[in-house]
Every structure is written in structure tokens, then in C-alpha cells.
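This report describes one protein chain, beginning with a surface feature and then turning to the overall fold and selected residues. The sequence and structure are shown below.

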Amino acid sequence: MLNALNGSIQAELVRFFNVIDDNYFSTKSVSTAAFCKARMKLSHQAFIELNDDLVQTFYDIATIDKWQGHRLLAVNGSFTCCYASCSSFSTL
């Protein structure tokens, strides 16, 4: 339920509960209003900690090549317009 929604909230709830439990009644027990109300109770700190755990797990598992003990990232400042009109990017 942390991913971007691909449909209505109710459709996502039904899909989510179908994945975790095949019981028909579990899909009908959560309303969109209840989900939104519960979501508002989530602390922003929970997402910070989830992100920290995810990043730490990645670096524990991944093999990252380093140069003199540092990750080396190359950044290109080029600008490419993928749209017919670049007017929306005029402030860049």
C-alpha cells in the first residue's frame, strides 16, 4: 500500500487483501474512509526508518565498487527536451 496507486483506493485495498488473504470477507471489511483515516495516523518517522532500513539492507547486500574508499558518481548537466514544447521547462 506504500506504492503509487494504479486505480481507486478501494480497488487497491481489494487487490492488497486478496494478496495477503484469500478470504472474501477480509476484502469487504476495509473501507476507503477507514484506510484514509488510518493513513493519517502514520508518523512520518515510520517512513524515515523504513527508508533507512531499506538503504542499509541494500548496502549490506550490494557490491559497490569504490574509488579510494568513496563511491564515485558521474553527473552530467546536459538538458534534453523530450516533449514537443519545452515551455514547461523554461524556468530551468
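In this predicted model, Ile 20 belongs to helix α1, which covers residues 9-20. Ile 20 is exposed, because its relative accessible area is 53%, and the cut-off for that class is over 50%. Together with Phe 16 and Val 19, Ile 20 forms a nonpolar patch on the surface. The accessible area of these three residues together is about 300 Å².

**Overall architecture**

The chain contains four helices and zero strands, and its elements follow the order α-α-α-α from the N terminus. Of the 92 residues in the chain, 9% are buried. When contacts between residues at least 6 apart in sequence are considered, 19% of them join residues at least 24 apart.

**Confidence**

The mean pLDDT of the chain is 78, and 74% of the residues score at least 70. Where in the chain is confidence lowest, and where is it highest? The lowest value belongs to helix α2 (residues 24-28), with a mean of 56, whereas helix α4 (residues 44-61) has the highest, at 92.

**The aromatic pair**

One aromatic pair is found in a search of the whole structure. The partners are Phe 58 and Tyr 59, whose ring centres lie 5.0 Å apart. A pair of aromatic rings is described by the distance of the centres and the angle of the planes. The planes of Phe 58 and Tyr 59 stand at 80 degrees, so the pair is classed as edge-to-face; the cut-off for this class is over 60 degrees. Phe 58 is partly exposed, with a relative accessible area of 45%, and Tyr 59 is also partly exposed, at 36%.

**A residue with positive phi**

Gln 68 is located in the segment after α4. Although Gln 68 is not a glycine, its phi is positive, at about 50 degrees. Is the residue Gln 68 buried or exposed? Gln 68 is exposed, because its relative accessible area is 65%.

The accessibility values of the individual residues discussed above are collected here.

| Residue | Relative accessible area | Class |
|---|---|---|
| Ile 20 | 53% | exposed |
| Phe 58 | 45% | partly exposed |
| Tyr 59 | 36% | partly exposed |
| Gln 68 | 65% | exposed |

Note on methods: Residues numbered from 1 in each chain as written. Predicted model: local features only at pLDDT ≥ 70, side-chain atom pairs only at ≥ 80, totals over all residues. Heavy atoms only, no water. Patch = residues over 30% accessible without salt bridge, like charges linked within 9 Å, V, L, I, M, F, W, Y side chains within 5 Å. Areas by Shrake-Rupley, 256 points an atom, 1.4 Å probe, with all protein chains shown as cover. Salt bridge = Lys/Arg side-chain N within 4 Å of Asp/Glu carboxyl O. Helix = DSSP H or I, 4+ residues; strand = E, 2+ residues; numbered from the N terminus. Buried < 20%, exposed > 50% of the residue type's maximum accessible area, 1.4 Å probe, protein only. Contact = heavy atoms within 4.5 Å. pLDDT = per-residue confidence, 0-100. Phe/Tyr/Trp six-rings, centres within 6.5 Å; stacked < 30°, edge-to-face > 60°.
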